[in-house]
Amino acid sequence: GRSLVAQRRAPVPALQPTAGFPGVDPALIAGVSAPLLGGWLPSRQALATMTPTHVQGERTLWATADGVTFTLFGGGLVVSTRGLGTDLHASEIGELHRLIAAGQAGQAARLQLHLDGAYGERPLRLTCTVQPEGPETLQINGRSLRTLRIIETCTGAGDQAITNRYWRDENGPIIRQSVQWLGPDLGSLYLQRLVE
């Protein structure tokens, strides 16, 4: 039994990014009934769970234990961040949100305002194409979830090209899993809805 003792003493990782997404040991959040998001930001090697702290209309503020916040719009589109330094200050995504929520193909504008570290804002205007790719079943926190996979490809100033991916619930606008680009410094954020 030495190996068993060693195994028991080893710290249990609450989260570990698997294939880019925040994997979770279901046993560690078995008692959690409040909504919970898992987030993985490779550029910062940061992995965290988030809980909703404030809801205003279509916007929900999600916070990590150390006070970093993400504002999600509608079913789960990131529109701003705070606490990361070169934050995504604000976004305009109205028409994109409508297309993604409806699972429709189409083209729309995306405006992102980024903080440059000196409290200045840099606007980035992107032209984005939304394209549903097909059904996909996800395994998240011991649950099997049927989703519609949607890709959003954007081009903007210079040769800036970004790709966002969404796995939207097959029956509604809730985004179960996503890869969303926050900006040139932060890169992409991987999100999973771990607990409803």
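This is a predicted model: local features need pLDDT of at least 70, side-chain atom pairs count only at pLDDT 80 or more; totals for chains, interfaces and linings use all residues.
Biologist: Is aspartate 25 buried, exposed or partly exposed?

Modeller: Buried means under 20% relative accessible area, exposed means over 50%, and partly exposed lies in between (1.4 Å probe, protein chains only). Aspartate 25 has a relative accessible area of 30%, so it is partly exposed.

Biologist: On to charges. How many salt bridges does the structure hold?

Modeller: The general idea is that side chains of opposite charge can pair when their charged atoms come close. The cut-off for a salt bridge is a side-chain nitrogen of Lys or Arg within 4 Å of a carboxyl oxygen of Asp or Glu. The structure holds 10 of them. In one, aspartate 185 pairs with arginine 122, with 3.3 Å between the closest N and O atoms. This pair links distant parts of the chain, 63 residues apart: aspartate 185 is in the loop between β13 (175-183) and β14 (187-195), and arginine 122 is in strand β10 (residues 121-140).

Biologist: Which residue meets glutamate 170 in a salt bridge?

Modeller: Arginine 146 does, at 3.1 Å from N to O. Here too distant parts of the chain are linked, with glutamate 170 in the loop between β12 (161-169) and β13, and arginine 146 in strand β11 (residues 143-155), 24 residues apart. Glutamate 170 is partly exposed at 37%, whereas arginine 146 is exposed at 54%.

Biologist: What about aspartate 169 and arginine 176?

Modeller: Their closest N and O atoms are 2.9 Å apart, in a salt bridge. Aspartate 169 counts as buried at 13% relative accessibility, and arginine 176 is buried at 10%. Elsewhere, Glu133, Glu136, Arg149 and Arg165 are linked in a network of salt bridges.

Biologist: Which cysteines form a disulfide?

Modeller: A disulfide is called when two cysteine sulfur atoms lie within 2.5 Å. A search of the whole structure finds one: cysteine 128 and cysteine 154, with sulfur atoms 2.2 Å apart. The link is right-handed, with 110 degrees about the S-S bond. Cysteine 128 belongs to strand β10 and cysteine 154 to strand β11, 26 residues apart. Cysteine 128 counts as buried at 0%, and cysteine 154 is buried at 2%.

Biologist: Last topic: how many cavities of 30 Å³ or more does a search find?

Modeller: Rolling a probe the size of a water molecule over the atoms shows where empty space is left. A cavity is a set of points, on a 1 Å grid over the protein atoms alone, where a 1.4 Å probe fits but cannot get out; lining residues have an atom within 4 Å of a point. The search finds two. About 50 Å³ of space lies in the largest cavity, and its lining includes Leu37, Leu72 and Arg176. β13 supplies the largest share of that lining, four residues. The second largest cavity has a volume of about 30 Å³, and β13 gives the most to its lining as well, with three residues.

Technical notes:
Residues are numbered from 1 along each chain as its sequence is written. Side-chain values use heavy atoms; hydrogens and water are left out. Helices (H or I, at least four residues) and strands (E, at least two) are DSSP runs, numbered from the N terminus. On a 1 Å grid over the protein atoms alone, a cavity is a set of points where a 1.4 Å probe fits but cannot get out, and a pocket is an open set with protein on both sides within 12 Å along at least five of seven lines; lining residues have an atom within 4 Å of a point. Grid points are joined across faces, edges and corners, and a volume is the space filled by probe spheres set on the points.
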